[in-house]
Amino acid sequence: MLVTMNEVLKDAKKGHYAVGLFNAVTLELAQGIIAAAEETGSPVIFGTAEVLLPYNSLEDLAMILIPMARRAKVPVVVHLDHGLHKETCLKALELGFSSIMYDCSLDSYEENCRKVKEMADIAHSYGASIEGEIGHVGGAEGAATAEQQDDASKYYTTPEEAKDFVDKTGVDALAIAVGTAHGAYKLPPKLDFERIRKIAATVDTPLVLHGGSGLTDEDFRKAIEAGISKVNIFTDINVSAVEAALSHFTEMNKGIIDLLPSVRNAVKKSVMEKMRLFGCYEKGGTSKHTYTDALVRKVVEEVLRELGK
């Protein structure tokens, strides 16, 4: 069933587990992700990010992902991650994505608050959920030296900023900077678990860990225990898909259709491993409202307003 992040992350926060976001930029990735969620009875978030749109457009992905989510036996969120422009976020909402992230973390703090608040009001009018980010989760290429990594703490999220940002914007999920980076790591990440714990105790909003690929299992367990409710994963499943394709391309004259089953299965296996690690196995039966319900309520409210004029 198609749902928003509110239907899965609030339960995750209460239950001290996490729900994974897995980018699904191809049909095979999407099929593997959904298969993993249904087999394990887990809620799941999938979608794309603005930087990935050159590989598949929002329009094309909406036609693939939204029907898949509606047919699924478990709660599925269709999410635009790291929407960098207002227009991209608006397009995702218009196409039926049930959730967006508006990433203004590189703007000044005041501008980040203003822009995300404006987008939160719009997203909520669609019945969709919205994620924001404060602090800065760098690219892995930015952590080239230990000295740079040690100095990165000045960009980390503080509990005071987290509370102020949530109060001012009304976001449904908050991505925090606590020591991870996007992409594959050149150096082992240094997570500030005590910072996560303090932020989780300060705000009721579910917390998000970006840059999850490459962390150890123990890192994940400790981060979730400290208060993380959503973890973003892409590199791991992206690499799993490629490795599966390469390992099965052993004969001349093989076509792409010969490789697709192995790609889907590899993605499914990788996602299932993360779901087990995140603790969301068999947590997919708690959602009571679908995103379709939210859209219907929005239409009814608009009709009632018109009748009351």
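**A buried asparagine and a covered strand**

Tutor: Asn 112 has its place in helix α5, which spans residues 109–125. Please keep in mind throughout that this is a predicted model.

Student: Is Asn 112 buried or exposed?

Tutor: A residue counts as buried when its relative accessible area is under 20%. Asn 112 has a relative accessible area of 2%, and therefore Asn 112 is buried.

Student: Turning to the strands, how many residues of β4 are buried?

Tutor: Strand β4 covers residues 76–83 and is described as mostly covered. For comparison with the whole protein, 52% of its 309 residues count as buried. In β4 itself, the number of buried residues is eight of eight.

Student: How many bridges join β3 to β4, and what is the handedness of the crossover between them?

Tutor: Strand β3, residues 44–49, runs parallel to β4, and six bridges join the two; within this pairing, Ala 49 stands opposite Asp 81. The chain passes from β3 through helix α3, residues 58–71, to β4, which makes a β-α-β crossover.

Student: Which residue of β5 stands opposite Gly 83?

Tutor: Strand β5, residues 99–102, pairs with β4 in the parallel sense over three bridges. Between the two strands the chain crosses through helix α4, residues 86–95, and this β-α-β crossover is right-handed. Opposite Gly 83, the residue that stands in β5 is Tyr 102.

Student: And what is the bridge partner of Val 3 in β4?

Tutor: Strand β1, residues 2–3, also pairs with β4 in the parallel sense, here over two bridges. In β4, the bridge partner of Val 3 is Val 77.

Student: Finally, what share of the contacts with a separation of 6 or more comes from residues 24 or more positions apart?

Tutor: The secondary structure of the protein comes to 12 helices and 11 strands. Among contacts with a separation of 6 or more, the share that residues 24 or more positions apart account for is 74%.

Definitions and conventions. Residues are numbered from 1 along each chain as its sequence is written. This is a predicted model: local features need pLDDT of at least 70, side-chain atom pairs count only at pLDDT 80 or more; totals for chains, interfaces and linings use all residues. Side-chain values use heavy atoms; hydrogens and water are left out. Buried means under 20% relative accessible area, exposed over 50%, partly exposed in between (1.4 Å probe, protein chains only). Helices (H or I, at least four residues) and strands (E, at least two) are DSSP runs, numbered from the N terminus. Two strands pair if DSSP finds at least two bridges between them. A crossover is right-handed if, with the strands pointing away from the viewer, the path from the first strand over the helix to the second runs clockwise. Contact means heavy atoms within 4.5 Å.
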